[in-house]
Amino acid sequence: MGENEEPQVSRAPLAVTPDEPLPHPDPHRATVLVIGVVATVLFVVLRFAVALGGHDPLAVDLWWDDLMLAGLTDVGLVIAWVPSIIGGVIGAPVVGILIIAIFLWRRRRWDAATLAIAIVTVTAIGAPMAAVIARVRPSDSLAESMATSFPSGHTAVATTIAVTLGLLLRRWYVWTLGVVWVAYMMWSRTYLHAHWASDVLAGLLEGIAVACLVWSAMQAYRIRRAMSSRASSAEPDA
């Protein structure tokens with residue numbers, strides 16, 4: 001997805017007038033849809049791998065947790081708490097609402113709707129799933145106390161927002177900042193021993209899946225809505 005591509009589909013208002021040109025299908029929609037499906041499959045595979053292990057930490061989880069424990073410093077803890085707070089129960093909704101408000105102010109109603117639906121979806125899926133799976137966090141967790149470790153909600157929401165913004169804005173710096181932010185979040189959650197490595201990987205896959213599938217669905221719905229509106233306006237009056 002090149003930095004110079006500026007799809008018209010994401011900038012149009014929700015309503016389509018008869019004189020408005022029909023939106024063109026995004027050439028990357030099929031690729032994004034495939035990525036979303038693949039991420040979903042990988043998430044399910046990881047979920048079964050964790051379940052087969054009795055929800056105990058995997059070997060790689062223990063190795064990474066020991067590595068994070070060995071590198072604990074006061075400065076590192078301060079740095080790690082930044083994304084944990086920004087992407088927390090209060091921080092994440094505030095950030096999401098702020099971005100959505102900016103889209104609405106810029107009259108990009110479809111973009112605002114896409115991001116809002118993606119955030120609501122990932123939250124609605126992740127929170128109940130974590131409660132049902134009830135995987136025990138690392139015993140030395142510095143950030144969380146509830147035994148809802150899989151998947152990482154912080155990582156899932158951060159990834160959803162980053163990928164959705166990348167798909168909507170199509171700028172290389174948006175993708176770059178998104179990758180850096182998600183990696184920062186994943187490191188933070190394991191550095192604070194709030195999650196196992198497989199938890200944050202699951203959150204990453206969940207976020208990619210939700211962002212790609214919601215974006216693809218919104219693109220398809222927008223085009224179908226536009227065509228339906230155009231067909232209705234073209235019908236002769238009885």
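Predicted model: local features only at pLDDT ≥ 70, side-chain atom pairs only at ≥ 80, totals over all residues.
Q: How many residues does helix 1 have, and what span should they give?
A: Helix 1 covers residues 29-52, and at 1.5 Å a residue its 24 residues should span 34 Å. Its end C-alpha atoms are 35 Å apart, which agrees. After helix 1 comes Gly54, with a positive phi near 70 degrees.

Q: Which residues of helix 1 are buried?
A: They are Val32, Gly36, Ala39, Phe43, Leu46 and Val50.

Q: Is Thr160 buried or exposed?
A: Buried means under 20% relative accessible area. Thr160 has 0% relative accessibility, so it counts as buried. This residue belongs to helix 6, residues 153-169, and its side chain reaches the backbone oxygen of Ala156 at 2.8 Å. Leaving aside residues up to four places away in sequence, Thr160 touches Ala118, Ile119, Val122, Gly207, Val210 and Ala211.

Q: What is the volume of the largest pocket, and which residues are closest to its centre?
A: The volume is about 600 Å³. Of its 25 lining residues, Val89, Ala127, Gly153, His154 and Val157 are the closest to the centre. Helix 5 provides the largest share of the lining, 7 residues. By type, the lining has 12 nonpolar, 9 polar and 4 charged residues.

Q: How does the lining of the second largest pocket divide by residue type?
A: That lining holds 15 nonpolar, 3 polar and no charged residues. The pocket has a volume of about 370 Å³, and nearest its centre lie Val95, Ile99, Ile161, Leu165 and Trp181. Helix 6 gives the most to this lining, with 7 residues.

Technical notes:
Residues numbered from 1 in each chain as written. Heavy atoms only, no water. Helix = DSSP H or I, 4+ residues; strand = E, 2+ residues; numbered from the N terminus. Expected span 1.5 Å × (residues − 1). Buried < 20%, exposed > 50% of the residue type's maximum accessible area, 1.4 Å probe, protein only. Polar contact = N/O pair within 3.5 Å; in protein donor to acceptor, adjacent residues only side chain to side chain. Contact = heavy atoms within 4.5 Å. 1 Å grid on protein atoms, 1.4 Å probe; cavity = no way out; pocket = protein on both sides within 12 Å on 5 of 7 lines; lining within 4 Å. Points joined across faces, edges and corners; volume = space filled by probe spheres on them. Nonpolar A, V, L, I, M, F, W, Y, C, P; charged D, E, K, R; others polar.
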